[in-house]
Amino acid sequence: MSTPRLPSIFWRVVATSTLLLADALIAQTTLDQVYNKSKQVTVKGMLIGSATPQPPYSVYLLISTRDAKGNVQHWAVEGDSIAELHKRGHKDDSLPMGGFMTVIGHPAKPGQQPEERMPKPIRGAIERAFDLAKQGRLIYGTEIIVADGTKVPFGAMLK
């Protein structure tokens, strides 16, 4: 039985690190291409759904609001992956279903198709977020303020 030589292990570590860094840079570039960092959007409403696909995919929230005329309108909010949120101390119950919140974020750029970044297969809350993205009602949420005033960082990758 032989043991791997140190140079072999070193190059494997270097190759793996390079791939991980490349994935992070591609994700950042994609976000920068899809969302308009120069514009800020605020959506106030109730959390009615969420999807937390496995990394590297983003978490998606569904928010129900009312427009100026009192009509119900839904928004989808993209954030970091659940793994990234957990690293920053996000708890699974930080955003209670049915809870009211204010989401601050950035809209998709006109002509972009942010739904192309969503995990497949498209079903459940992801399907609704996909539909809202096609309607222009998807934002990249950077911060969420829950009803008690607690601020929850949600999307740090687009800064």
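Tutor: The lining of the second largest pocket comprises eight nonpolar, three polar and one charged residue. Here Ala, Val, Leu, Ile, Met, Phe, Trp, Tyr, Cys and Pro count as nonpolar, Asp, Glu, Lys and Arg as charged, and the others, Gly among them, as polar. The model is predicted: local features need pLDDT of at least 70, side-chain atom pairs count only at pLDDT 80 or more, and totals for chains, interfaces and linings use all residues. Residues are numbered from 1 along each chain as its sequence is written, and side-chain values use heavy atoms, with hydrogens and water left out.

Student: What volume does the second largest pocket have?

Tutor: Rolling a probe the size of a water molecule over the atoms shows where empty space is left. In this case, the volume is about 180 Å³.

Student: Which elements give two or more residues to the lining of the second largest pocket?

Tutor: They are strand 1 (41-51) and helix 2 (82-87), helices (H or I, at least four residues) and strands (E, at least two) being DSSP runs numbered from the N terminus. The lining residues include His-90, Asp-92 and Phe-154.

Student: Is His-90 buried or exposed?

Tutor: Buried means under 20% relative accessible area, exposed over 50%, partly exposed in between (1.4 Å probe, protein chains only). His-90 is buried, at 13%, and lies in the loop between helix 2 and strand 4 (100-107). Leaving aside residues up to four places away in sequence, His-90 touches Ile-82, Leu-85, Leu-95 and Val-152, where contact means heavy atoms within 4.5 Å.

Note on methods: 1 Å grid on protein atoms, 1.4 Å probe; cavity = no way out; pocket = protein on both sides within 12 Å on 5 of 7 lines; lining within 4 Å. Points joined across faces, edges and corners; volume = space filled by probe spheres on them.
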